[in-house]
2 protein chains.
Amino acid sequence: MFKGKVLVAQGGGPTAVINQSMVGAVLESRKFRNVELVYGATHGVRGIVDENFLDLTQETTHNLEMVAETPSSALGSTRDKPDLKYCQEIFKVLKAHEIGYFFYIGGNDSSDTVRIVSEEASQAGYDLRCVHIPKTIDNDLMVNDHTPGFPSAARFVAQAFMGINLDNWALPGVYIGVVMGRHAGFLTAASALGKKFPDDGPHLIYLPERTFDPEQFVSDVRRVYDTYGRCVVAVSEGIHDASGAPIITRLTEHVERDAHGNIQLSGTGALADLLVDLVKQKTGIKRVRGDTLGYLQRSFVGCVSDVDQREAREVGEKAVQFAMWGERDGSVTIHRTGFYSVDYHFTELKEVAGKTRVMPDNFITEGGNDVTDAFLMYLRPLLGRGMPDAYRLRNNYVPKVLKP
Amino acid sequence: MFKGKVLVAQGGGPTAVINQSMVGAVLESRKFRNVELVYGATHGVRGIVDENFLDLTQETTHNLEMVAETPSSALGSTRDKPDLKYCQEIFKVLKAHEIGYFFYIGGNDSSDTVRIVSEEASQAGYDLRCVHIPKTIDNDLMVNDHTPGFPSAARFVAQAFMGINLDNWALPGVYIGVVMGRHAGFLTAASALGKKFPDDGPHLIYLPERTFDPEQFVSDVRRVYDTYGRCVVAVSEGIHDASGAPIITRLTEHVERDAHGNIQLSGTGALADLLVDLVKQKTGIKRVRGDTLGYLQRSFVGCVSDVDQREAREVGEKAVQFAMWGERDGSVTIHRTGFYSVDYHFTELKEVAGKTRVMPDNFITEGGNDVTDAFLMYLRPLLGRGMPDAYRLRNNYVPKVLKP
C-alpha cells in the first residue's frame, strides 16, 4: 500500500447505477490513511488528458449518497479509447497530480482502456494501480455472472414489455419493439420477464446470438397472429444476417461509426420501421406498430433494481479494497454463490478486457426465437424487490341472446 | 332511476389508469338495488355489436382491485366509430340484453360515440342512460381541467426526460425525443417537469399549438449547443407546417389513416429520424440522436401518479351516481378547486364530444419553443407523490498543474 491520490472516472454508456459504483469507490477511498485526496476526472480519460478533476474529498457524504441514487454518469463519460500517445498524455497528468490509484468504471471497451493504461504504466515504470470496475447494460463482460447496470435496464425492458403486452391485447395487432444490445441479447431477452399468462407477449424474441432470417421472421409472426389474433415481438438492435452484417445496414445508406469502429445502432428508429414495413408487406396485417426503446433503457429515472444498486455499490467498494490490500492491477468480477447471493473476485484484466460474452445456448430455445426457463431463473432474482404485476378480468362470458 | 343492467366499455387508446375508472363504475353500480347485473363489453362498441359481454357481477372485488392497478384497458378497446347503422346494431343488442345504463370510458372520439348513441337512442325511443367517462393521455377534452390518464403519462415523460438530460450531460450531443400528442402539446410540455438546474434539458420544446419552422428549429438547436455544448429537444409528434400539414408527411410517401381519418403518427420512428438528419446536415454537429418515446408513454407498468389513480377511480364512481340520481345523459368533467383539489361536474355531451382542447397561450413562451411557469404550476400537483429527484456533484475543481 503506497501513498498517492485516488482518481475515479466513468467511461462508456451511462447506467441507472453507475454512480453507486463511483460513490462506493470514493467513500471507501476516503477511509484509507494512505490516500491523500480523492479526485474524479470528468468525462473519463478525456477529462484526465484535459486535467479536469473534481476534488471529491470536498464533497459531502450526503450529496454523494444522493448522487449515488441518481442515474447516469455524474462525472460525465466518454467514448475515447486511448492509444499509446493518448496514454503518455495520461501519465504526464497523473504524475503532475501525484495520482497513485486509478479506478475506471465501464464496460469491455473501458476495461481494455484500463488494460492499456496499466501496461503502459508498467513499461514506463510509473507506480500506478489500475482497477477496472464493471458496468454495462449489455451484460457482456467475460468472467462475470452479470454486470451492474444490466439488472436495472433489464427491469425497465421487462416492465416496458409487460405494458406493451397489455396495450397490444387491448388494441390487437403486431407490435415490434427494438431493444439495445449489439452482440449480446441479454437485454432483449429480459423482455420475457414481463410475461405471466401463457398467451402473454413477447411471443417472439430475436437475439444477436442467432442469424436473423427475414422469411422465418415473417412466417413466425404470421403463425402467432393466426393463433392469438395479435403478436408482440422483441428484437435486438444487433440482429444480423448470415454474413454477420447488421440488418439495419440493409436500409440505411450512410452508416455512422464510433471511435471503436462500431456501427451506430441506437438513436434511430430505422430498424423498427424496416421490420414493420416487412411485416405489413408480406402478411397484409393492417395494424403493425414499431417502437425503438432507445436511451430510456439506460437512463429512465424511477425504474431501478435494488439488487443492482447494492451490487454496483459493492463493486466500487471492493475495487478500492483489492487495490489497497492487493499487489496487482485487475478487474472486479461478480460471481453467483446462491439463489440469490454473490461474491466478488479480483480478476486479471486480460481475462475481461475487450472481450464480449454472449448468451449461452441453454438460455435460447431451439427455434432461436424465444428464451428458456433457465434464462428466466437466471434473471429473475436480479430484478429485485417490488416488481409490478399485471392482472386481468376472468372470462365470465354472458351467453349470447341474438347469436347464441 | 329505472331498472336495468349496466354496461361498461372502454374505447380509444389505453392509459395507465383507465381500469380504475372501469372498476369505479363497476363497484359503484353493484351497490344500486335497481341494477340487476353489471356487464363489461370487450373491445368497446365492437364488443357490443358482437354481443361479447363479461358478467362483472361474477368478478371478485379483490380481482377488480388488482385489475384497477393494472395499466391498459382490461376490457379491451377499439378504434371503431359508430354511424347510424352501427348504432342500430348496438340498440338491437342492448335491447336483447335489457341494458339500461351505458358507461363508455374514452377520449374525444369516444365521447362523440356516446353522443351519437345517446341521440339515436332518444330518437328510437329506447330507454337508455348514456354516460361518458373521461380518459386520454392527450389531455385534450374540453371543459375539463385535465383528464385521467394524462397525469401518469406526463409523469412518464417527465421521468424519461429527467434521465435523458442526465444521459445527454454525460455524453454530450443533440438529443431529440418525440412525444405523443396529435393536436394538443400537453404531454410534450410535460417533459419540462424533469428540469431542476438552469442548464437542464429539455432546452427546447416544440408543440403542435405553434407552427414548426425547420429553419428556426435548426437555429434554436445551434444556439443552445453553442451555449451548453449539448441540447435536449422535446418534440410533439403532431408538429406541422404553416399549412397545417404534419411534418412527418414530408418524409413518408404512403401515410396510414385510421377510421377517424387521422394520419398515423405513432408506431414509427420516422419523425425523430427526419429531425436528426436535418440537424446533422445543417449544423455539422456529430453526435445527434433521436428517440420516439412510443407506446411506453401510455402503457409502461410501474410509473403512475397516485393523484391520477384516485381521480380516475372517482370519475368512474361519479358517472354511476350522476346516471342513477340524475335525469339526463352527459359527460363527467374534472374541475380544479384548490392547490390541489378537484370536483366533478356532469356536463352536456355536446360540450365535450368530438372537440379538442389545446394548450392555452399562457402555458407557452413567446418564442414558442418552451413552456411557462404557469404550466409548471398547473402540472406539478397532478404528477403525485414520490417524484424522483436528480442530484449532481458540486464543482469543486482541482487547479490545473500542467496548463494552469
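Tutor: The copies meet through the same surface, because 100% of the interface residues of chain B are also interface residues in chain A. Contact here means heavy atoms within 4.5 Å. This is a predicted model, in which local features need pLDDT of at least 70, side-chain atom pairs count only at pLDDT 80 or more, and totals for chains, interfaces and linings use all residues. Residues are numbered from 1 along each chain as its sequence is written, chains are lettered from A and ligands numbered from 1 in the order in which they are written, and side-chain values use heavy atoms, with hydrogens and water left out.

Now the symmetry. Chain B is superposed on chain A by a rotation of 180 degrees, with 0.0 Å of shift along the axis and an RMSD of 0.0 Å. That is the relation of a two-fold axis. Gly269(B) comes closest to the rotation axis of the residues of chain B, with its C-alpha at 2.2 Å.

Next, the sheet in chain B. Helices (H or I, at least four residues) and strands (E, at least two) are DSSP runs, numbered from the N terminus. Four strands make an open sheet in the order S7-S8-S6-S9 (chain B), and the pairing is parallel. Two strands pair if DSSP finds at least two bridges between them. S7 (204-206) and S9 (288-292) of chain B are at the edges; each has a single partner strand, so one side of each has no neighbour in the sheet. On average, neighbouring strands of this sheet are turned by 15 degrees against each other, direction ignored. Axes are lines fitted to C-alpha atoms, for helices over the stretch in contact, and angles run from 0 to 180 degrees between N-to-C directions.

Look at one pairing. S7(B) and S8 (residues 231-236) of chain B pair in the parallel sense over 3 bridges. Ile205(B) stands opposite Ala234(B) in S8(B). Helix H6 (residues 150-170) of chain B packs on this sheet. H6 touches S6 (174-179) and S8 of chain B, and its direction makes about 150 degrees with that of S8(B). Helix H9 (residues 270-283) of chain B also packs on the sheet, touching S6, S8 and S9 of chain B. The direction of H9 makes about 165 degrees with that of S9(B).

Turn to chain A. Its open sheet has 4 strands in the order S7-S8-S6-S9 (chain A), with parallel pairing. S7 (204-206) and S9 (288-292) of chain A are the edge strands, and each pairs on one side only. S6 (residues 174-179) of chain A and S9(A) pair in the parallel sense over 5 bridges. In that pair, Tyr175(A) stands opposite Arg289(A) in S9(A). Helix H6 (residues 150-170) of chain A lies across S6 and S8 (231-236) of chain A, at about 150 degrees to S8(A). Helix H9 (residues 270-283) of chain A lies across S6, S8 and S9 of chain A, at about 165 degrees to S9(A).

Two helix pairs in chain B are worth a look. H4 (residues 84-96) and H5 (residues 108-123) of chain B pack at about 70 degrees, with their axes 10 Å apart. H4(B) and H5(B) are therefore roughly perpendicular. Angles under 35 degrees count as roughly parallel, over 145 as roughly antiparallel, 65 to 115 as roughly perpendicular and the rest as oblique. From H4(B), Leu84(B), Cys87(B), Ile90(B) and Phe91(B) meet Ile116(B), Val117(B), Glu120(B) and Ala121(B) in H5(B). By class, this contact has 7 nonpolar, no polar and 1 charged residues. Ala, Val, Leu, Ile, Met, Phe, Trp, Tyr, Cys and Pro count as nonpolar, Asp, Glu, Lys and Arg as charged, and the others, Gly among them, as polar.

The other pair is H1 (residues 18-29) and H3 (residues 61-68) of chain B, packed at about 155 degrees with their axes 8 Å apart. That makes H1(B) roughly antiparallel to H3(B).

Last, the backbone. The peptide bond from Phe339(B) to Tyr340(B) is cis, with omega near 20 degrees. Tyr340(B) is in the loop between S10 (330-338) and S11 (341-347) of chain B.

How values were computed:
Least-squares fit on C-alpha atoms with pLDDT ≥ 70 in both.
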